[in-house]
Amino acid sequence: MCGIAGIIGPRSQSARAELAVTAMLRALRHRGPDDEGLWQSNSGDARFAHTRLSILDLSAAGHQPMSTADGRFTITFNGEIYNFLTLRTELENQGVALRTRTDTEVILHLYAREGPACVQKLRGMFAFAIWDEREHSCFLARDPFGIKPLYISRNSDGMVFASELRALLDSGLVAKTLDPSAVTGYFKTGSVPEPLTMVKEARCLPAGHTLTWKDGKISTGPYQFVEFPTYLPPVKDPVAHTRAALMDSVRQHFVSDVPVGIFLSGGMDSTALLALARVTGQRDLQTYSVALEDAGLDESPAAKRTAEHFGSTHHEMRLTSSLGREMFDKFLSSIDQPSIDGFNTYVVSSLARERGAKVVLSGLGGDELLGGYSSFWKIPNLLRACHAAQAIPFIGATASKILQSRVWSPRLRRLGALLQEPVSIREAYRSYRGIYLLDEAQKLAMHATGATVEEAKYTGLPAVASDPLNAISELELTCYMRNQLLRDSDVMSMAHGLELRVPLVDSVLFNAIARLPTAVRIRQGKQLLADAVPEIPAWVMGQAKRGFVFPFADWLDSPQWKPDFDRALKDIPVPAVAWYQRWSVFAFKHWCHSVGIN
């Protein structure tokens, strides 16, 4: 896991470009504290930077940027390729002489032989750039789920890229001008919807996409989508099929030359990872958890009991309101783009790194794939209720007016707005996962940017499967998980120089589980996971879903937190009732100030 950056095109030859790429390297050092490197092509039209967190081949041979022996191809790579040993063997059988034991070199030579098609063979999380000196071109790619970020800013004849948006801004080559559509999307959903970023001149390379720069021209396109197949060949034993796929993914995610630990929340997903780690032969496991004062949110007793049950060495941090406030300022300085999430990952990552970990597994992704969220049950109910109300126009219109004008609950107000329009599963999902109403988000964007409502029009949601439960799963995977959970997990773990792996967000696993009908895959209580991993103890199965959830509502009303939040909220044009609405405004304003946007 690393930080990457680069400048492509004629302007990379200038003295300003040298300063810019050095500034980006400096901004990314927290992502790779073990080594760093700068490189410029012989032609002068490409500069790469790299900061390294050593996980595979800990020797100096893994130094990046890395070039082929003939100097034609050079790569800067962030991520892990879990099937690199298989790919390495294939390359060696084809006569390729490899000098290191890294996955980086495997990608480099695979691209040299197969070109852009190489991404189809990569299993893992990745974002990388490869310069071809002979063709005078640059190829960039990002993994199918978007686990690893890659931000790009284009100009007339070149581009700048980096692992974090703030690194792009630190280059001095990207104007610090807010994008009204991105700001609107942020206040609507609690995170910036890709490919937008908070600034106009930067975009995120979409998940599952590649980009090629050649002679000043840029072309992009998808190579893999996250979608469920329309034809489902029968699976004889779904439980055995699921267990085999889970075990395979867990085994692959332990490929490392340093120990791999586990974030243990006390819920089903992280417990399943620990159980399967034991089944696949992993020993001397370290687990990490956060304990809370609020007994209604605290899963630490179950996590501790689970750790004892499986024999892991367990590490726990007890997080009080005062300690949380103390860590909050450091968390704020680590934000790459504003979000209403991420603090939980920041806290547990700090614990893991403090105890010597460099790699950890997280159970993120299980709820999206196996129906663990209440959205899988509430959104269909919401659709039915809306259709019933709209069937009688007077009732629907009256309910909409009352809910929007006479109640303060943000959720009920979003329901009122939903009743005004033809209701689809996408719109119901938007209402369910919303933070502010669309018109409120637009007002907040206008307040921040000065743009008109029309200029700040929100871009909407992607097309989804026809099956309602698959549609919800796709939306959770490609919106909430991709734009918020994965992005925040990457930034907040890497803030501590910690690699976070997500075995339940794996292309091979997804393709295996996606073959199952929704009636089998999505059942209350994630029953398929329970059946496939019977080692999950009864005390975990009987718990309500919580995860690393902190008591933000109580904290924000406490004397240690409230004054700062009140100051941030005093001049906004819409009410901020729920804690997450208040948090979103505070995080946005703090981010703007920290990057120099006023």
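Which elements each supply at least two residues of the lining of the largest cavity? They are β5 (73-81) and α3 (103-114). The model shown here is predicted.

**The largest cavity**

The structure holds 7 cavities of 30 Å³ or more. About 120 Å³ of space lies in the largest one. Its lining is made of 16 residues. Nearest its centre lie Cys2, Arg52, Gln64, Asp103 and Thr104. Strand β5 gives the largest share of this lining, with 4 residues. The table sorts the lining by residue class.

| Class in the lining of the largest cavity | Number of residues |
|---|---|
| Nonpolar | 6 residues |
| Polar | 7 residues |

**Helix α5**

Now turn to helix α5, residues 180-189. Is it largely enclosed or left open? Of its 10 residues, 9 are buried, so the helix is largely enclosed by the rest of the structure. Buried here means under 20% relative accessible area. The buried residues are Pro180, Ser181, Ala182, Val183, Thr184, Gly185, Tyr186, Phe187 and Lys188. Among the elements that cover them are α15 (425-432), α16 (438-449) and α24 (579-595).

Both ends of α5 have a local detail. At the start, a side-chain oxygen of Asp179 comes to within 2.9 Å of the backbone nitrogen of Ser181. Just after the helix, Gly190 has a positive phi of about 95°.

How values were computed:
Residues numbered from 1 in each chain as written. Predicted model: local features only at pLDDT ≥ 70, side-chain atom pairs only at ≥ 80, totals over all residues. Heavy atoms only, no water. Buried < 20%, exposed > 50% of the residue type's maximum accessible area, 1.4 Å probe, protein only. Contact = heavy atoms within 4.5 Å. Polar contact = N/O pair within 3.5 Å; in protein donor to acceptor, adjacent residues only side chain to side chain. 1 Å grid on protein atoms, 1.4 Å probe; cavity = no way out; pocket = protein on both sides within 12 Å on 5 of 7 lines; lining within 4 Å. Points joined across faces, edges and corners; volume = space filled by probe spheres on them. Nonpolar A, V, L, I, M, F, W, Y, C, P; charged D, E, K, R; others polar.
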